[in-house]
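This report describes a two-chain protein model. It begins with the contact between the chains and then turns to single elements.

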Amino acid sequence: MIAEHLSENELQEYVSEPLLCGQFTIEHIESCEACKEKAIAYQILFSGIQQQVKPVFDFNLSELVLSQLEPSKPGFSWDIFAVYLFSVIGISSILFSGILFSKYLSGLFTGYSTLFLYLFVAIVLISLLFQGFEIYRKYHKQMNALNIS
Amino acid sequence: MSGNKENIQTDQYLVGKVLGGDTNAFATIIKNTEGLVTQIVFKMISRTEDRKDIAQDIYLKAFKSLPGFRHQSKLSTWIAQISYNTCLSYLEKKKLVLLDHRDDQTEPDDDSVEFVGGKSIQVLFNQTENDIFQRELNEILKTEIERLSPLHKTLITLYHNEELSYEEIALITQLPEGTVKSYLFRARKSLKDSLLRKYKKEEL
């Protein structure tokens, strides 16, 4: 026999989230008239709430808001600032080193065979080509992810 | 899951467009979220004449803060959070109560809820097929919901009408999930008790 009735909390849970209810709750409600009636009261309540008419504004909110907006200007971004800063530092360092060690640079490629130099240039070009292709592929992938239309 | 991912992609696309200067994209954002915002404003703010200013204020704040939106939640949840906070500030400014504990003091004794005016609830349930009963019930319910405190009204609406999860409601109201569940429980119980009392009174 049923020793105790279900709590209000269990009854609400039974009506709003029946899949999460334990077997005990379901069996109890099936066999207990008092709890069944309370559950039905909640069912009536929940369906009544869902049938409430949704409120609407009696003015065009979108028009009202847009009339007060100015197109947004791209704001200051620390990320972009950092990218520019490191680029400037990098390029400056290369140029500064070039100027500083210019007398050594002229002799940098002397003493190597022509074949070795061609090989070196070819490797650098192929690496750059692959890197460029990878950046382009990644960019397209990201653009496709954003393009939902 | 895929719906959520799709939502985030749509949000990213729209936010990107707005940040790029396309205000029409912001009109789409308003259109997509207006229903939810309207529900929050209507439930939190009872003065009709203030709702217009508050609704405008919500979207102007959203527009201004859009560069800071990090897509950690759905855009609609984020805008609902702005709506809730804006309404909350209004209530604080006007010294109005967000949560009235009298909502909880509607405990009829257990026997009185099992029968409504001498009829079993089963009979009442069968009457739901009747349009007149349904209309009457909706009217009574509308009045009873209006009597709840702004927070209880909002929680009931977000859960039952907007079908948001406890997690989303917790994000919007910045309340712990357990607190949301507890407030919802009290609001539903209070509504059920008021409804049953109302019917009992009418039958007598």
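## Interface between the chains

Between chain B and chain A there are seven residue pairs in polar contact, both residues at pLDDT 80 or more; a polar contact is a pair of N or O atoms within 3.5 Å, where within protein one must be able to donate a hydrogen and the other to accept it, and residues adjacent in sequence count only if both atoms are side-chain atoms. On the side of chain B that touches chain A, the elements that give two or more residues are helices H1 (2-19), H2 (23-44), H3 (48-65), H5 (110-114), H6 (121-126), H7 (131-147), H8 (150-161) and H10 (177-203) of chain B. H2(B) gives the most to this side, with 10 residues. Helices (H or I, at least four residues) and strands (E, at least two) are DSSP runs, numbered from the N terminus.

The contact, meaning heavy atoms within 4.5 Å, takes 38 residues from chain A and 54 residues from chain B. The size of an interface is often given as the accessible area lost when the parts come together. Here chain B and chain A bury about 4,400 Å² between them, with 68% of it on carbon and sulfur atoms; buried area is the accessible area (1.4 Å probe) that two parts lose on being put together, summed over both.

## Basis of the model

This is a predicted model, in which local features need pLDDT of at least 70 and side-chain atom pairs count only at pLDDT 80 or more, while totals for chains, interfaces and linings use all residues. Side-chain values use heavy atoms, with hydrogens and water left out; residues are numbered from 1 along each chain as its sequence is written, and chains are lettered from A and ligands numbered from 1 in the order in which they are written.

## Salt bridges

The structure holds 12 salt bridges over all chains, a salt bridge being a side-chain nitrogen of Lys or Arg within 4 Å of a carboxyl oxygen of Asp or Glu. Two salt bridges are found across the interface of chain B and chain A. In one of them, Lys54(A) pairs with Glu162(B), and the closest N and O atoms are 3.4 Å apart.

Lys192(B) and Glu8(A) also meet in a salt bridge, at 3.0 Å from N to O. This pair joins two chains, because Lys192(B) lies in helix H10 of chain B and Glu8(A) in helix H1 (residues 8-16) of chain A. Lys192(B) counts as buried at 1% relative accessibility, and Glu8(A) is buried with a relative accessible area of 13%. Buried means under 20% relative accessible area, exposed over 50%, and partly exposed in between (1.4 Å probe, protein chains only).

Within chain B, Lys189(B) forms a salt bridge with Asp193(B), the closest N and O atoms being 2.9 Å apart. Both residues lie in helix H10 of chain B, four residues apart, about one turn of the helix. Lys189(B) is buried, with a relative accessible area of 13%, and Asp193(B) is buried at 1% relative accessibility. Asp193(B) also meets Lys192(B) in a salt bridge of 3.8 Å, N to O. Through shared partners, salt bridges join Glu8(A), Lys189(B), Lys192(B) and Asp193(B) into one network.

## Helix H9 of chain B

Helix H9 (residues 166-173) of chain B has six of its eight residues buried, so it is largely enclosed by the rest of the structure. The buried residues of H9(B) are Tyr166(B), Glu168(B), Ile169(B), Ala170(B), Ile172(B) and Thr173(B). Just after H9(B), Gln174(B) takes a positive phi of about 55°.

## Chain A

Chain A has seven helices and zero strands. Of its 149 residues, 22% count as buried. Among contacts in chain A between residues at least 6 apart in sequence, 52% join residues at least 24 apart.

Asn60(A) is found in the loop between helix H3 (33-50) and helix H4 (61-66) of chain A. With a relative accessible area of 42%, Asn60(A) is partly exposed. A polar atom of the Asn60(A) side chain lies 3.2 Å from the backbone nitrogen of Ser62(A).

## Surface of chain A

The accessible surface of chain A comes to about 11,600 Å², and 66% of this belongs to carbon and sulfur atoms. Accessible areas come from the Shrake-Rupley method with a 1.4 Å probe; for residues, only the protein chains shown count as cover.

A nonpolar surface patch of about 960 Å² is made by Leu105(A), Leu108(A), Phe109(A), Tyr112(A), Phe116(A), Phe120(A), Val121(A), Val124(A), Leu125(A) and Leu128(A). Patches are made of residues with over 30% relative accessible area and no salt bridge; like charges are joined within 9 Å, and nonpolar side chains (Val, Leu, Ile, Met, Phe, Trp, Tyr) within 5 Å. Helix H7 (residues 114-146) of chain A supplies the largest share of the nonpolar patch, six residues. Phe120(A) is found in this helix and counts as partly exposed, at 43% relative accessibility.
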